[in-house]
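Please open the structure in a viewer and keep the selection tool at hand.

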Amino acid sequence: MTIYGVYQMLQVVRFASMTLLQGLMIFFFAVSLGWIAFAAGSVLAGASKRRDPTPGSGVATLTALVMPIYNEDPLRTTAALRAMAEALALIDAHRGFEIVILSDSTNADSWIRETLSTDLLRNSLLTIMPVWYRRRWQNIARKSGNLEDFVTRWGGRYDHMIVLDADSLIDAHTLQRLLQAMQTDPDLGILQTAPQLIGATTFFGRLQQFAACVYGPVITRGLSAWSGDSGNYWGHNAIIRTAAFAQYCGLPKLAGRKPFGGFVLSHDFVEAALMRRGGWKVRMATDCGGSWEESPPSLIDVAIRDRRWAQGNLQHMKIIGAAGFSFISRIHLGVGIMSYLSSPLWLVMLGIGFALAVQSHLIRPEYFNHDFQLFPTWPRFDVELMMALFWFSMIVLLIPKMLGLVRALLSRRIRRGSGGVIGVAASFLLEVILSALYAPVLMLIQSRHVFEVFMGRDSGWKPQRRDSGGTTWSDAWHFHKRHMFLSCATAVIVWFLSPPLLAWLSPALLGLFLSVPLSRASGSESLGRILSRLALLRTPEELETPPLVARRQELVRLGVAPPVDGLRHLARHRESRLTHINGNLARPADPRGRPDPYAFTAEQKLKDARSLDEALAWLTPVERVEVAGDARLLNQLALLPDAEHPLFLI
Amino acid sequence: MDLRLNPHLELTPPAAAFQARAGSGGMPPENPVEMPPQELGYKPQRRGRHWPGAAVLYARFILVS
């Protein structure tokens, strides 16, 4: 496909008299077309894939349901874990599973809420499975460091671990199937499921959810077909053989400074490549279903997450050449890198197109290049061939979506759940149009991310927003005003230079021009509800909520929200204080000669304070964590009076 | 953490039950495993080689072509 496209492009401009700009244009066109042709080829390869074999049952093992969390809402995370444990118990498959919550939370109130919610979870699952909780004091290497700490300290206890995200859900049959696959194939190191998106209520969330429902299965099926035993790992909703992971997947600290040096950020692809390097199989289970996650609610949330992912994936440029990686593992890493580099590539292509227009407008063509030339050399730009090439590129681009649509129309479940044939087709059209509008905005956002990473700016680590808080006009304006101005300025300049070029650029410019309202709409729940009522962008899970998802929703609805001000709650509730103290590992001792100054300042502030309000107002976030982690300081805090609890009552 | 530091605290029945179950502070007794950082410039010894099956090779052929 790429060779044909490049050949046609060379016909558009005369190869022999090609200018430097035209040459650059063809180069970037070849890379971009190669990228979309790869996606199309991957999906087509999926058609050849046979169904995953059904595993038999093997010897009994112990499996940890591991959920790393970072300042998340514990009501939601514990509800998900409880729903999964109950589902396992319902089919009598709960034996051999244990829940392990691995917290990296840095906020004292989040931490306190976690321990109190974990205690409730533990009590509710007393007869089903054990629930363990550990909070790290030092967040070394973020999520991968969190898991590594668990494996190195408790990994010997478990044969397998099923890694979950804070918004993950896996149904009991799928959990059982994952476990059986590991038990029956002793060479299997990682088995990754293909999670579907659920629970989206906003406009943009529903858009992503519908796209994942219709296109996701054909994409993952293709990926699984050609990667075989050299599959990939996406960091969650997967089962891992603990001993193999410990032996082969310890991540190195990369030489150099951030953002390319330091700890490996997007650890999952690297762990899959390392596991494969060690001779273990890494496979993708595409047929089992029953695996879900949630999507960011708005365009700005996607952009924030993408900043982190961009840095993580671009960091793989330092890893892709590692010794012993299989060729397919290198392709996975390369695909991740290209996911982000494709945006600046597109931007550069647009820039070259713009420069070509300027060149043709301002520079007179050279009709006689040689001294003895009888006939002039006319500048060549075959518009008809260019149009044919445009439609060819569009077809290549839309192959994955078209195949997804065909699959969706053939699936009775999706047809019924997404408004019938008309509903699926209308949603498909809407998704294609909206994706085309959002694409140039995302292209500029990702190009900026790539630029920032190459400039050496670190992404930091912010927790992902999972609720649908909405996007205000002010947020949208601040985030996208540059995109809007850029589209207006480009449109005006191009109009003067070459009106036909403006027609070519109009789809991209329209998306940028509408970026503020599009971003505002992306976080809108009311728009999401309207679409749902019109049976647009609807997924089968909305019509028939899977029992596991429904149970989690019910538990969240019925659950008692943990206290907002965790420290105040601990100060006034003795049982909660005990639960918190008892439910956490002891604070590690400071290195000799380097005591933690925050513990000292916190203690001094508690001594100086005359009331609880005064103490809580004085404590900084870091000091609050110190108080929450020290039984002595907590008791000191509890002895301080407030309006409701005068001194003589404490 | 040291409960003895607070003489006013009392163990409630569920907390006492939990304390009896747990190794320490919310986690089971440690069972450590070594997880050495991998050397990217050095190829470790593999466990054996698994050649891709015909279906995978066919899928790769489609992908390339």
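Is A:Leu537 buried or exposed? Select this residue to begin, bearing in mind that the model is predicted. A:Leu537 has 29 C-beta neighbours inside 10 Å, and a residue is buried if there are 20 or more, so A:Leu537 counts as buried. The residue sits in the loop that links helix H19 (525-533) of chain A to helix H20 (540-543) of chain A.

**Stop 1**

Select A:Asn71 next. This residue is not a glycine, yet its phi is positive, at about 50°. A:Asn71 belongs to the loop between strand S1 (63-69) and helix H3 (74-90) of chain A. With 20 other C-beta atoms within 10 Å, A:Asn71 is buried; the cut-off for this class is 20 or more.

**Stop 1: the sheet**

What is the strand order of the open sheet of 7 strands? In chain A the order is S3-S2-S1-S4-S8-S6-S9, and the pairing is mixed. At the edges are strand S3 (131-135) and S9 of chain A, each of which pairs on one side only. From one strand to the next, the twist averages 20°. As background to the pairings that follow, strands of a sheet pair through backbone hydrogen bonds, in either a parallel or an antiparallel sense.

Strand S2 (residues 97-103) of chain A runs parallel to S3(A), and 5 bridges join the two. To see one of the bridge pairs, select A:Ile99 together with its partner in S3(A), A:Val131.

**Stop 2: strand S6 and its two partners**

Now move along the sheet to strand S6 (residues 188-193) of chain A. Why can S6(A) be described as largely enclosed by the rest of the structure? The reason is that 6 of the 6 residues of the strand are buried.

Two pairings of S6(A) can be displayed in turn:

- With strand S9 (residues 281-285) of chain A, S6(A) pairs in the parallel sense over 5 bridges. A:Leu188 has A:Lys281 as its bridge partner in S9(A).
- With strand S8 (residues 238-241) of chain A, S6(A) runs antiparallel, and 3 bridges join the two strands. Here A:Ile190 has A:Ile240 as its bridge partner in S8(A).

**Stop 3: helices across the sheet**

H3(A) lies across S1 and S2 of chain A, running at about 165° to S1(A). Helix H6 (residues 172-184) of chain A lies across S1, strand S4 (160-163), S6, S8 and S9 of chain A, and runs at about 160° to S6(A).

**Stop 4: a helix pair**

Select helix H7 (residues 203-214) of chain A together with H19(A). Their axes come within 7 Å and cross at roughly 45°. H7(A) and H19(A) are therefore oblique to each other. On the H7(A) side the contact is made by A:Phe203, A:Gly205 and A:Arg206, and on the H19(A) side by A:Leu527, A:Gly528 and A:Leu531. By class, the residues of this contact divide into 3 nonpolar, 2 polar and 1 charged.

**Stop 5: the domains of chain A**

Colour chain A by its domain assignment, which gives domain 1 (63-294) and domain 2 (597-649). Taken over C-alpha atoms, the centres of domain 1 and domain 2 of chain A are separated by 37 Å. The contact takes 5 residues from domain 1 of chain A and 4 residues from domain 2 of chain A. On the domain 1 side, the residues divide into 3 nonpolar, 2 polar and no charged.

**Stop 6**

Finally, select chain B, which has 2 helices and 0 strands. Of its 65 residues, 20% count as buried.

How values were computed
Residues are numbered from 1 along each chain as its sequence is written. Chains are lettered from A and ligands numbered from 1 in the order in which they are written. This is a predicted model: local features need pLDDT of at least 70, side-chain atom pairs count only at pLDDT 80 or more; totals for chains, interfaces and linings use all residues. A residue is buried if 20 or more other C-beta atoms lie within 10 Å of its own, exposed if 12 or fewer, and partly exposed in between; C-beta atoms are placed from the backbone. Helices (H or I, at least four residues) and strands (E, at least two) are DSSP runs, numbered from the N terminus. Two strands pair if DSSP finds at least two bridges between them. Domain bounds come from an automatic or database domain assignment. Two residues are in contact if their C-beta atoms, placed from the backbone, lie within 7 Å. Ala, Val, Leu, Ile, Met, Phe, Trp, Tyr, Cys and Pro count as nonpolar, Asp, Glu, Lys and Arg as charged, and the others, Gly among them, as polar. Axes are lines fitted to C-alpha atoms, for helices over the stretch in contact, and angles run from 0 to 180 degrees between N-to-C directions. Angles under 35 degrees count as roughly parallel, over 145 as roughly antiparallel, 65 to 115 as roughly perpendicular and the rest as oblique.
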